[in-house]
Amino acid sequence: MALNPLTVRKLKRFRSIGRGYYSFIILMGLILLSLLGELLVNNRPIMVSYEGKWHFPTYGANLTGNTFDLGYSYETNYRDLRDQFLTEDKGHWMLAPPVFYSPNENTPYEGVFKPAPPSWMNGPAGHWLGTDTTGRDIFARLFYGFRIAIFFSLAFMVLTYLVGITIGCLMGYYGGVFDLIVQRLIEIWSNIPFLYIVIILFSVIPSTFSIPARIGMLLVVMVLFSWTSMTYYMRTATYREKARDYTAAAVVLGAGPGRVIFNHILPNTISTIVTFMPFTIVSAITAITALDFLGFGLPPPTPSMGELLKQGTQTLTTAPWIVGSAFAALVFILILVTFIGEAVREAFDPKKFTTYQ
Amino acid sequence: MLPPKLPRLLLGLIISAGLLLLSACGKKDAADPTPQPDARVEAKAYYAANPDFFHFKTPADVPAELAWDDGNDLPEFASPEAKKGGTLNFWIQDFPRTLRIIGPDSNGSFRPWILDDNSMLFAKRHPNVTSLTEDGFRYYPGIADRWALDRENKTVYVHINPKARWSDGEPITTDDVMFGYFFHRSSYIKAPWYNNFYSTKYSGVTKFDDYTFALHFPELRPDIFALALETNPVPAHFYKELGDDFPDRYQWRNVPSTGPYIVRDKDIDKGRSVTLTRVKDWWAQDNKFWRHRYNPDRIRLVVIRDTSKAFEAFRKGDIDYFNLSLAEYWYDKLPDSSDEVQKGYIQKLKFYNDVPRPTYGLWMNESRPLLDNQDIRVGIQYALNWDLVIQKFSRSDWTRMQTSADGYGEFTHPTLRSRSFDIDKALQSFAKAGFKQRGPDGILLNDKGQRLSFQVTTGYENLKDVLTILQEEAIKAGLDIRVEVLDSTAAWKKVQERKHDIQFVAFNVGPEMFPRYWETYHSANAYDVPFLPDGSVNPDRQLKTQTNNLQAIANRNFDQMIEAYDKSDSLEEMKKLAFKMEELLYHDASFAPGFNIPFIRTGLWRWVRMPADGNVRIATSFSEYSLYWIDEDLRKETEEARKSGQAFAPAIKVYDQFKQD
């Protein structure tokens, strides 16, 4: 498929904005890495060679201690196994991930579950950023927290745009009474306080549901209360495009409303949409973090930056590394996305490429 | 007259709740109320209409051969070194929603300050002499100066101290006692619990003269004195406007107190702080048992919504003491090595008390699928690693709870021990229930492919790590626990509606003589019609909600024991029954006993002083018996020392004279 020469020019321009472009590369890299998360940050090794047999515990079913003749029927503690391999020297070996901790695993520090400082601050080896209040590895939690937050935000963006754009375009295209009624409905709808709804919803229908289902519910609720803002932009953009000659030409040629809206009008409003995307992601990450901070976001023990921030504020004096890591990670990600957003906006700025009749 | 224990129990559950979040504002002031007919007149008509309950006799009718007790042979427990004066600064999480001590919203975290800890009662249980006598516990005099038990007629005679005064100067008389029964049984107060309590626990009250009255009981229970003496009269002159609008009319009025502290109107800074002031020339301030207590002139309670902020306020010296019961505070946030402690500015006290223990544990709902199977419940008990929680979370400070009634002294089962974490036994027990195979994630499956998975709900945000630890360990035994942490009100609502699988919650129990079983374990609190007349299980029974039978336990055998226990007037028989019931409960396995917290830990600034032996045996909080005093000279000295860096001897004290093994 050949790209529209205009789009090619926009992309070229985006590439030329160094800050945004490199932020984009880094963010994509991080997302790719996070997809391979189980191989990089996990308490299961990538590969174990035991008595001539190879095991790959990462993705499969869990291997009980009996597999390695440890004499227990629950999941193997691979860190202990590694230490055993090292001391026994019987030719068994394993390939461990760089961070050998899972995000939900409590590891005691000085015999109790309490925050351990990062390894470079004289903390226990292996915890690069230390542990949180119940001894869970902060790096692992941030890593998986990022993965959940970014994919949550992407899903959030796709869904809000799907609803927002469709309704916005319909309002702009049909106009008149339809537009008037839907606008009023939107005004009423957006006056419902979102936070209360989330609080009420999560206290009333808590869950015999699984954690993914509850995350899904949160997503749906957030989308339900966020699609409205997109309709305003799409409505005006559609009104503008509808008045153009090419739309009239398409209608004269017999195209139905669906075809006109999605094949003719939408591609011409794409620059508006694209510039909003990164900022939607930013606001989604912020929202989910804020909700977690308040305790109404992702259900525990889902790793999340907001939950870490909350812990951090409670242990500001005793474990500053918790709030420090979470804050730095959050700021880093938000800055990346914002840089991308700015670059996209500049690259897609319609003033540069369109001429008004 | 306020009944002693049950509201506290509720209080314990709801305390700290975000319940009061939408606090303070809103309710209209009772500035210009419409006139109301005098309730005292209505009360008199009520007495006349209920001659079975309200009796009027003459002093000559008091039996002559009564053995009166005045408690004066008991030892005092306050320190004669205590100094009067000064201001105590402390914090509350939410501004009180009302100043009423009864009716809607009155059961919040402010209540102990105006009622439970700071009111006088007719007589109070001696907090150090706690061994059982044949008449039950020993009492020291409060508003009453003597009392006597007539076993034959199930009656307690009480004589009010003629010097006793309300905080507004009015004398306390028998009329206030009589009025109390009218008040607590009336529908005006919008407090059904009190209506029921005062209608069923007492069978009558007799006035002999202004200072002598008798209370009659339907049953002679070993703790009859608790019902008779641990109550307050009700100020009839204050509640004369009692009527249908009582909750609104009395919302922000200061009740005259029987105790040493009152709230003055000008000391209420809505949403911010409340200050209590000591009653000038309080009538009992030199009485034995009451002198050297209630020492600060003022108690200032500032609203701080967030615990960690309150802790910072404590470290700055803005509030004078702080509860350090959580290991995190005791060891990490204010370690012995910290500057304030080493320089002796802040004292750290650990006091082992000896009281019935709140029941921290997992309550399994037997009406839920799978949990109705005893083998599953037993398996769950073995799959819970409480010892690891105690070791790793409390840093071995807590102790394992053994029965549902720990800390009741002779009433606690001497040999019964709760189940310890044991993967093999858990797996065996789960296997009996058909869960034999581990799934790919290590969780057990039965033949139908059902996972062994339950939701554990709690409202204790600060104890959620306990559940995280249990969850990680339970996986080893093939059990999946899904942790749900809710706001405390929402969590309590969930369990009250029986929508929980398993709940992590505790009943806060008062220092009572013996445990209660009816509320928590009787089938009448589990189902509407639990059994058919022939004794078989009613197939159409409906769950009963809003009761304390969290397990929905319904067992005929158990019911009979509870009924016998509740009717018994013999301590020995009750003990035997209590032990049998605990064994039955162990067998049933629907309550997984968790841990006991056997101490109070407090951080105090140097100017807050305590008696040399720390506190009294049954104290459940630092301030409960008001034995402390504020030394304003020391405050000045310490504040100057903080500026100059001068150090005092560190004070880290452990009081283990009441420690149980």
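In this predicted model, the C-alpha centres of domain 2 and domain 3 of chain B lie 37 Å apart. The domain assignment of chain B, automatic or from a database, gives domain 1 (33-81 + 96-251), domain 2 (306-353 + 599-655) and domain 3 (360-596). The contact between domains 2 and 3 of chain B takes 4 residues from domain 2 and 6 residues from domain 3, where contact requires C-beta atoms, placed from the backbone, to lie within 7 Å. On the domain 2 side, the residues divide into 4 nonpolar, no polar and no charged. Here Ala, Val, Leu, Ile, Met, Phe, Trp, Tyr, Cys and Pro count as nonpolar, Asp, Glu, Lys and Arg as charged, and the others, Gly among them, as polar.

Residues are numbered from 1 along each chain as its sequence is written, and chains are lettered from A and ligands numbered from 1 in the order written. Local features need pLDDT of at least 70 and side-chain atom pairs count only at pLDDT 80 or more, while totals for chains, interfaces and linings use all residues.

Between the chains, 23 residues of chain A are in contact with 25 residues of chain B. The chain A side divides into 8 nonpolar, 12 polar and 3 charged residues.

Within chain A, the axes of helix α5 (residues 138-174) and helix α6 (residues 176-190) come within 7 Å and cross at roughly 140°. Helices are DSSP runs (H or I, at least four residues), numbered from the N terminus, and axes are lines fitted to C-alpha atoms over the stretch in contact, with angles from 0 to 180 degrees between N-to-C directions.

Definitions and conventions: Helix = DSSP H or I, 4+ residues; strand = E, 2+ residues; numbered from the N terminus. Contact = placed C-beta atoms within 7 Å.
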